[in-house]
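I opened my notebook to look up a few things in this structure. Here are my entries, in the order I made them.

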Amino acid sequence: MKTSNGFTKFDTIKEFENWLNKQKVTRKIDGLQVHHMDLPNYSTWEKTDKKVFGSEPELGRTKSLDTYGKNTWGSGASDGHGHYIAQHFNIFPNGKITTGRNLNSTPIGIKGWNTGKICIEIYGDFDKGKDVITKEQKASVIALYALLAKKFKIAIDTNHIRPHCWFTSSGTYLGSYNSNKSAKTCPGTDFMGFGCSKGGFDKFLNLIKNYGKDNTTSNNTTNNITKKVYRVICGSYSKRENADDVIKKLKKLGYSSFIDAFKKDNKNYYRVIAGSYSVKANAEKLVKELKIKGYSPFIIS
């Protein structure tokens, strides 16, 4: 954990959790916003942030966003504590988190749905065909929303956690993404591999609900996982549509599978995860079931 220019960076979810538990928030918090940054995106992260901001690209980018807020909106954007950044938290591709606005200040996030809300920006552009969320960032996103919901006693449903694209530019609530009416595609038409339709966003909420119940997301970022996880893999693909096809077939058979994106030789690959378990016997049982159905699954730990 490190603090610079009034912003704090958390290297692990445990650091963030410890900090969050100590915060005294006087305004009523009743909802969480979901955003992606669009720009900067993963290309910016690799080509600009890591080079311009040196060893602390997360804090450097956060300061840059704060300066942008001040130059764009002026004194009206002030959080009353010396910051002008629109959001309260930023989640970076490496899973690290930084603070933004003071938690006692209203965000500049979604017109018509800012009062009482916490604004979270996920670094990247998650529209279809653009950035594929890293496993480190994905784990931190799920954990952060789960911990905020717990801290402020927020129900994990679409009445209390909403993506930006479910609103029009005038602030009218739509209840799902509508390409003709939504203000933006934010947090992305392929957000978390699910998108932001009602059904897709419900899958994201289910990941938050299940945080801490199994080992698919850890209390730390990926580099700090201490418990062994046994994952049943149904194939790895260089093309996303091939992985999507396997997912569809598995879901028709009743399996709640998901896609885990990873990089190899600086290229994106898509691995279909049929299940994650803390007990190897459970993973072996799933392997047997899938083999009967014609698949060639294997276990990684």
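**Two loop residues**

I began with Phe 126, which lies in the loop between S6 and H4. My element names follow DSSP runs numbered from the N terminus: helices are H or I runs of at least four residues, and strands are E runs of at least two. The model is a predicted one, so I kept to its rules: local features need pLDDT of at least 70, side-chain atom pairs count only at pLDDT 80 or more, and totals for chains, interfaces and linings use all residues. Residues are numbered from 1 along each chain as its sequence is written, and side-chain values use heavy atoms, with hydrogens and water left out.

Is Phe 126 buried or exposed? Phe 126 counts as buried because its relative accessibility is 2%. Here buried means under 20% relative accessible area, exposed means over 50%, and partly exposed is in between, with a 1.4 Å probe and protein chains only. I also checked Phe 126 against Asp 38: they are 88 residues apart in sequence, yet 7.3 Å apart in space, C-alpha to C-alpha.

My next stop was Ile 29, in the loop between helix H1 (13-21) and S3. Ile 29 counts as buried, at 6% relative accessibility. From Ile 29 to Glu 58 I count 29 residues along the chain, and their C-alpha atoms are separated by 26 Å.

**The seven-stranded sheet**

What is the strand order of the open sheet? I noted seven strands, in the order S1-S2-S5-S4-S6-S3-S7, with mixed pairing. Strand S1 (2-4) and strand S7 (161-163) are the edge strands, each pairing on one side only. From one strand to the next the twist averages 20 degrees. Such angles run from 0 to 180 degrees between N-to-C directions, the axes being lines fitted to C-alpha atoms, for helices over the stretch in contact. Two strands pair if DSSP finds at least two bridges between them.

I looked at one pair up close. Strand S2 (residues 7-10) and strand S5 (residues 97-99) run antiparallel and are joined by two bridges. Opposite Lys 9 I found Thr 98 in S5.

**Strand S8 and its partners**

Why is strand S8 (residues 230-237) largely enclosed by the rest of the structure? Because six of its eight residues are buried. S8 runs antiparallel to strand S10 (residues 267-277), with six bridges between them, and here Val 232 stands opposite Gly 275. S8 is also antiparallel to strand S11 (residues 298-300), joined by three bridges. Arg 231 has Ile 300 in S11 as its bridge partner.

**Cysteines**

How many disulfides does a search of the whole structure find? It finds zero, a disulfide being a pair of cysteine sulfur atoms within 2.5 Å. The sulfur of Cys 165 has its closest cysteine sulfur in Cys 196, but at 3.9 Å that is too far for a bond. Cys 186 is in no disulfide either, since the nearest cysteine sulfur, that of Cys 165, is 7.0 Å away. I logged both Cys 165, at 0% relative accessibility, and Cys 186, at 4%, as buried.

**Cavity and pocket**

I found one cavity of 30 Å³ or more. On a 1 Å grid over the protein atoms alone, a cavity is a set of points where a 1.4 Å probe fits but cannot get out; a pocket is an open set with protein on both sides within 12 Å along at least five of seven lines; lining residues have an atom within 4 Å of a point. The largest cavity holds about 140 Å³ of space. Its lining has 14 residues, and Val 132, Ile 133, Met 192, Gly 193 and Arg 240 lie nearest its centre. Helix H4 (135-151) and strand S9 (258-264) each supply at least two lining residues, and S9 gives the most, with three.

The second largest pocket has a volume of about 650 Å³. It is lined by 24 residues, with Met 37, Tyr 68, Trp 73, Glu 121 and Lys 184 nearest its centre. Both volumes are the space filled by probe spheres set on the grid points, which are joined across faces, edges and corners. Which element gives the most to the lining of this second largest pocket? H3 does, with seven residues.
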